[in-house]
Amino acid sequence: MKLCKRTLNFIQVINEDGAVRICGWLNDGGVIGHLAKNTLDEIYHSDAANLIREMHAKGDHSNCNVNQCPFVANNNVSDNEIEIEEVPRFPESLYLAYENVCNYHCVMCAIPGRLSKVDANVLEEKYNRIDEELRKALPYVKHVSANGLGELFASRHTLKLLSEWEPVSAPSEISVTLETNGSLFDEKHWNQISNLGQYNLSVAITVLSFEDDIYRELSGTDQPVEKLIENLRFVKSLREQGIINYLELATVYQNANYKKLPEFARRCIEEFGADYVRLRPFDPWGEVGMKEWMLDVRNVYHPNHQDFLEVMKDPMLSHPKVHDWGGGRESGLGPEPYIKTRKMYSLMESIFCDDGFMEKLDKVTDGTKVVVYGMTAVGKALASRLKNESKLCYCLDRKMDGLSYLGHPIYGINHFEDLDKDVSIVIALHWSEDVIKTMLEHAGYNGKILKITELAEDS
Ligand SMILES: C[S@@+](CC[C@H](N)C(=O)[O-])C[C@H]1O[C@@H](n2cnc3c(N)ncnc32)[C@H](O)[C@@H]1O
Ligand code: SF4
């Protein structure tokens, strides 16, 4: 079978509970298990992992987020596929991203908000448990990456695992990718993990701007940009000595920094010796309020969108080392959030106040019990109404798998096989409904799938 390489080789441990996900660019989060409960090889071969691979084997990329995945955005998934007979016991690559700690507070990033609120001793125990499982798998891994969901040089456990890593394969077969904001990448910090220099080492450093005021504002730091530039010179010297074998300099383009993208790319290549310049579009990682909406210049509704398109025509951005992960697409974020909010209120009003709503639901569901997909405010409103009418069976929401709402269990779609399917499902989101519908069908559900937007429209 042919699979996107990331369904095999992007296995990432993402938080203190040891949640493991496949790829980082799936619409539903891609979580396939937890190291707190299972070993890595059990998780790598779990039903949840197999379901994702089956979709890809059929060429179905409806669960891939086009605003995050550059393969789907650029229509070149097939260039990134691997032909494989059988999924191996361990993944070849492991992404260590479970310490969600950072010394920056970037305006567009959700990581600082994730900083654990649990007691320090409890957190330490959780990290130790993850380390224990990872130590069993790490010798068999050929590629390690750290820390895509935090700051590498602030991640004590990850640094220790990396410094002690002894792979069974020969050093010539081993590769490492380090992701960092570069703020602490000086000689002293590098020495903690300089053992990695014997392998094929790639380093990716994010720089949100080379202009001091914009850099500090976007990175949420008091550190002057000069310190980062000094570190970039140190990194360049490691690149020139062949200790670092590949240097990627990255940015996330958004309202405050898009004008200087051509100059940014030029400096990355000419001054700091970048092999690859990543221009990644801002993508909202959480709720979209007005603040997030204003960052997204790829949105056709954004007041600076036309100016952004002009900047992107600069010849410097067509340099072979410069890569626009946005693929020239618009973001699809749509009109200002208040318009979306208005839709949410109108749906909730129908659910609670329209007599016709329940009548219509009864008619189209033929009296079967109902499952609510998506525990958003609308989903919760619908679940409440259905519970009052004794029609709610259970709820589906991958991110809330294992929790409950009003005494009814919430499951991830990955558990769907074991659930009662003699039900009608209402998708309670007012976006991405068709993607969810396809996922439900792939998970083996062939009953009635209804959209809340259609149910509420003419009730
Ligand atoms: C979460 S960071 C972790 C690694 C490291 N701390 C860094 O900043 O490079 C990984 C990458 O995600 C990018 N990123 C953060 N928030 C983003 C967003 N909302 N949209 C797109 N990229 C984002 C960062 O700029 C960085 O390049
Ligand atoms: S440095 Fe990286 S992890 Fe930290 S806040 Fe910025 S983007 Fe997020």
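**Exposed ends, cis bonds and an open sheet**

Let me start with E457: this residue is exposed, at a relative accessible area of 57%. Exposed means over 50% relative accessible area, buried under 20%, and partly exposed in between, with a 1.4 Å probe and protein chains only. The areas are Shrake-Rupley values with that 1.4 Å probe, and for residues only the protein chains shown count as cover.

The ground rules, quickly. This is a predicted model: local features need pLDDT of at least 70, side-chain atom pairs count only at pLDDT 80 or more, and totals for chains, interfaces and linings use all residues. Residues are numbered from 1 along each chain as its sequence is written, chains are lettered from A and ligands numbered from 1 in the order in which they are written, and side-chain values use heavy atoms, with hydrogens and water left out.

Back to E457. Its place is helix α18, residues 452-457. Helices (H or I, at least four residues) and strands (E, at least two) are DSSP runs, numbered from the N terminus. Now take E457 with I43. In sequence, 414 residues separate E457 and I43; in space, the C-alpha to C-alpha distance is 42 Å.

Next, the sheet. How many strands form the open sheet, and in what order? Six, running β15-β16-β14-β13-β17-β18, with mixed pairing. At the edges sit β15 (404-405) and β18 (449-451), each pairing on one side only. Two strands pair if DSSP finds at least two bridges between them.

Walk through some of those pairings. Strands β13 (residues 369-373) and β14 (residues 392-396) run parallel, joined by four bridges. In that pair, V372 stands opposite C395 of β14. Go on to β14 and β16. They also run parallel, with two bridges. There, L396 faces Y411 of β16. Then β15 and β16. Two bridges again, but this time the strands run antiparallel. S404 has P409 of β16 as its bridge partner.

The turn of that hairpin deserves a look. β15 and β16 have two residues between them, and L406 takes a positive phi near 50 degrees in this hairpin.

β7 has parallel partners. With strand β6 (residues 93-96) it pairs over four bridges, in the parallel sense. L94 stands opposite V144 there. With strand β8 (residues 175-180), β7 likewise pairs in the parallel sense over four bridges. S145 has T177 of β8 as its bridge partner.

From A146 to N147 it is cis, with omega near -25 degrees. N147 lies in the loop between β7 and α7 (156-164).

Backbone again: positive phi outside glycine. D366 has one, about 55 degrees. D366 lies in the loop between α15 and β13. Buried or exposed? D366 counts as exposed because its relative accessibility is 60%. S390 is another case, with phi near 55 degrees, and it is not a glycine either. Its loop runs between α16 (377-388) and β14. S390 has 55% relative accessibility, so it counts as exposed.

G367 also lies in the loop between α15 (355-365) and β13. It is exposed too, with a relative accessible area of 59%. G367 and L386 are 19 residues apart in sequence, and their C-alphas are 12 Å apart in space.

Last stop, charge. Which residues form the negative surface patch? D47, E54, E417 and D418. Patches take residues with over 30% relative accessible area and no salt bridge, joining like charges within 9 Å, and nonpolar side chains (Val, Leu, Ile, Met, Phe, Trp, Tyr) within 5 Å. A salt bridge needs a side-chain nitrogen of Lys or Arg within 4 Å of a carboxyl oxygen of Asp or Glu. Asp and Glu count as negative, Lys and Arg as positive; His and the chain ends are not counted. A charge is placed at NZ of Lys, CZ of Arg, CG of Asp or CD of Glu.

At 46% relative accessibility, E54 counts as partly exposed.
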